[in-house]
Amino acid sequence: MTLLSIKSEAWAYSLITLGTEMLSSFFSFYYVKLFLEVYKISKSAFCQAQVILMIWNILTDLSGYFHMSSQYDCCLSYRCSLLGALLHAVAFLLPWFPWKHYRESDWLIGLQLVASLCAFDSTHAWVQQAQWRLFAETSPRQESRLQLTRINQMASLVGSVSILFCGLISHNMEILPNFQATSVAIAFLASISFYSGMFNVRQFEFKRNPEENVLSESEQELARTSVILLMRQILSQRNFYLFLIMNFFQVFHLTIFSNFMMIFADNLIPTEALSSSVRSIMYGAGFICPQCLVLLGQSWLKKYGYYKVILISFYLEGAAALVMLLLGQEHYYCLAVYLTVIMVIVHTSLCLFNLPVADMVDADLPKFNRQPLSLMVAVVGALFTRPAQSLAPMLILSKLNQHEYGEANNSFPSS
């Protein structure tokens, strides 16, 4: 593979990451508070939507694998990938505009939440699976993967700024029209980023040589093999199923802070202690600082490896939680720092999880003597970890209800 093609792939990967990060960070951070406190969805409808999303994700992951395996070149082609990315931007806009003037606990709110979650997660998985394959199979060496991770984090850093800007412009959702206008602008910018990234993917596909085409033909044979057998072979690797367990809890932890950080801060920290602009900076730091840490920690990754770096992050999480428990929630500034630090640590470690996935794809090659199963590994990983994105909101909401969350007459954002 030539140097020019490596640069082209890295550029494509980073542009797709830019668009994905802009949409996913914004969506996960704001949708829970929007539906709970602005639309005032009932707690039962919210939990029902999460259960439907969990079932929907399982079905779409499996059906997506069968479809992409049977028509691999078509489904990962420029046009199909671009279509999925643009649909992702459209699906992003679904929750931010109410379908009518809602009354409290209106049944249509639940329907809008289900449609928004299923559409956004399905298109996100479409883009993400192609991304995982691009990362695992176009960067064969650890050094090139670290380099691609660095470029990827630069794109994520730019994309995560959307949280900060939206918080400052809309005063953390207090001015709803400003919030909606910002969401439209972010969707437009993400669409441009997706289009530019997919254009570079098309350039790469155009340069493919016959040897690379042999790989795609052999991968098409996976559709004729037993999916159950492949899953058993992948899960038989001890490192992989241990990674799945760890990834599940890490996604669970990150989802809690991504979805509920604003709600935690609003209910635990008085407005007199932290102004709206300071809160916006705090929320933005939870998404921006992880990308900075990964960029600045490249020397640590090369020296100690991602395993020790991730392990250290777990120790830091435990130590920070113990310190905050001893201090108590009355120390508002310490609580604000704690929420931000934990968000940063969890997000930073999760940013490195592409590295062990790529290594496990490599370990699968000599063991079973076959072509890379990056798509299958991505699907199996999603099957076991994406339910955490639905379970976390349900668990936290049930705990909040025990403390009478939402029973006060929360004010509607000004228009």
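Me: Leaving aside its neighbours within four places in sequence, what is threonine 340 in contact with?
Reply: In this predicted model, threonine 340 is in contact with Met261, Met282, Ala285 and Gly286. Its own place is in helix α13, residues 332-351.

Me: Why is threonine 340 called buried?
Reply: Its relative accessible area is 13%. Buried means under 20%, so at 13% threonine 340 counts as buried.

Me: And how much of the chain counts as buried?
Reply: Of its 415 residues, 54% do. As for the surface, the accessible area comes to about 19,400 Å², with 66% of that belonging to carbon and sulfur atoms.

Me: What makes helix α12 fall short of a straight helix?
Reply: Look at the span: α12 runs over residues 298-327, 30 residues in total, yet its end C-alpha atoms are only 33 Å apart. A straight helix at 1.5 Å a residue would reach 44 Å.

Me: Where does α12 bend, and by how much?
Reply: At glycine 305, by about 105°. That value is the angle between axes fitted to the seven residues ending there and the seven starting there.

Me: Which residues of α12 are buried?
Reply: Gln298, Leu301, Tyr306, Ile310, Ser313, Glu317 and Met324.

Me: How many helices and strands does the chain have?
Reply: It has 16 helices and zero strands.

Technical notes:
Residues numbered from 1 in each chain as written. Predicted model: local features only at pLDDT ≥ 70, side-chain atom pairs only at ≥ 80, totals over all residues. Heavy atoms only, no water. Helix = DSSP H or I, 4+ residues; strand = E, 2+ residues; numbered from the N terminus. Buried < 20%, exposed > 50% of the residue type's maximum accessible area, 1.4 Å probe, protein only. Contact = heavy atoms within 4.5 Å. Areas by Shrake-Rupley, 256 points an atom, 1.4 Å probe, with all protein chains shown as cover. Expected span 1.5 Å × (residues − 1).
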